Amino acid sequence: METIHNSWLPLFEKYSFDLDALYSTQMVCPDRQVYPPKHQIFRVFEMDINKIKIVLLGQDPYHGPDQAHGLSFSVPSFQKIPPSLRNIFKELKTCFPDRNYNFNNGNLERWFKEEDILLLNCSLTVEYGNPGSHMKIWEDFTNDAIHYISRKNPNCVFLLLGKFAQSKTLLISNQTNIVCAPHPSPLARGFIGSNCFTIAESILGYKIDWNI
């Protein structure tokens with residue numbers, strides 16, 4: 001289990017989670033695997049809430065084998081880059097052509113560990129092949145987490161991509177620090193050219209190194 005930073009403890013004290021029960025179905029039904037691995041569920045909460053610069057809000061984890069590892073939009077380095085993340089990389093190159101970014105895998109751990117970007121999903125787990133399957137389990141907690149972040153760290157920027165993420169707008173106290181853009185999925189339109197990362201940096205007042 002991850003070490004939850006003590007800045008989150010007032011939030012966690014309000015909740016209890018039976019993780020063993022959540023993962024128990026996969027013991028008798030191997031085709032109902034739950035992702036990410038149990039020890040990575042609360043990974044994002046290792047970060048000091050006061051250090052968060054940007055919250056990149058996702059919907060729920062990837063629902064295929066060995067993809068989800070506790071960070072929204074991110075996959076381990078050996079995995080193929082998912083389509084939505086590929087478009088995120090494309091937009092970053094469009095926003096900052098002078099920085100010569102070269103994204104050769106989809107592991108965003110450096111964003112999380114070194115750039116203080118909180119890669120938070122609204123559902124922290126998902127069942128194999130069944131997107132949104134655990135949303136009701138986690139939505140109250142993650143809604144509370146979004147509101148908690150906005151109160152404790154009012155200077156961070158919330159990057160809300162797509163209608164689902166944007167439905168969380170009312171949970172955020174500092175409305176001037178919200179950047180909205182279409183979802184980066186190839187099935188959506190308007191994300192490429194949205195300049196969402198340029199706008200986010202403009203609000204922060206300094207550059208982010210988006211290299212991975």
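Student: Where does the largest share of the lining of the largest pocket come from?

Tutor: From helix 6, which gives three residues. Before we go on, this is a predicted model, where local features need pLDDT of at least 70 and side-chain atom pairs count only at pLDDT 80 or more, while totals for chains, interfaces and linings use all residues. Residues are numbered from 1 along each chain as its sequence is written, and side-chain values use heavy atoms, with hydrogens and water left out.

Student: What counts as a pocket, a cavity or a lining residue?

Tutor: Rolling a probe the size of a water molecule over the atoms shows where empty space is left. On a 1 Å grid over the protein atoms alone, a cavity is a set of points where a 1.4 Å probe fits but cannot get out; a pocket is an open set with protein on both sides within 12 Å along at least five of seven lines; and a lining residue has an atom within 4 Å of a point. Points are joined across faces, edges and corners, and the volume is the space filled by probe spheres set on them. Here the largest pocket comes to about 610 Å³. It has 33 lining residues, and Asp60, Tyr62, Phe73, Ser84 and His183 are the closest to its centre.

Student: Which helices and strands each supply at least two residues of that lining?

Tutor: Strand 2 (54–58), helix 3 (83–95) and helix 6 (163–166) do. Those elements are DSSP runs numbered from the N terminus: helices are H or I with at least four residues, strands are E with at least two. By class, the pocket lining splits into 14 nonpolar, 16 polar and three charged residues. In this scheme Ala, Val, Leu, Ile, Met, Phe, Trp, Tyr, Cys and Pro are nonpolar, Asp, Glu, Lys and Arg are charged, and the others, Gly among them, are polar.

Student: How many cavities of 30 Å³ or more are there?

Tutor: Two. The largest cavity is about 60 Å³, with Pro36, Leu119 and Ser123 among its lining residues. That lining has seven nonpolar, three polar and no charged residues.

Student: In what order do the strands form the open sheet?

Tutor: Two strands pair if DSSP finds at least two bridges between them. Four strands run 3-2-5-6 with parallel pairing. Strand 3 (117–121) and strand 6 (178–181) are at the edges with a single partner strand each, so one side of each lacks a neighbour in the sheet. Leu56 has Leu119 as its bridge partner in strand 3 and stands opposite Leu159 in strand 5.

Student: Why is strand 2 described as largely enclosed?

Tutor: Because five of its five residues are buried. Ile54, Leu56 and Gly58 point one way from strand 2, while Val55 and Leu57 point the other way.

Student: At what angle do the axes of helix 3 and helix 7 cross?

Tutor: Two packed helices are described by the angle between their axes and the distance between the axes. Axes are lines fitted to C-alpha atoms, for helices over the stretch in contact, with angles from 0 to 180 degrees between N-to-C directions. Helix 3 and helix 7 cross at roughly 65°, with axes coming within 8 Å. Ile88, Glu91, Leu92 and Cys95 of helix 3 meet Cys196, Phe197 and Thr198 of helix 7. Helix 7 (residues 196–204) also lies across strand 2, strand 5 and strand 6.

Student: Which residues are joined by a cis peptide bond?

Tutor: Most residues other than glycine have a negative phi, and most peptide bonds are trans. Tyr35 and Pro36 are joined by a cis bond, with omega about -5°. Asp66 has a positive phi near 60° and is exposed at 52%. Asn100 has a positive phi too, near 55°, and is exposed at 63%.

Key. Contact means heavy atoms within 4.5 Å. Buried means under 20% relative accessible area, exposed over 50%, partly exposed in between (1.4 Å probe, protein chains only).
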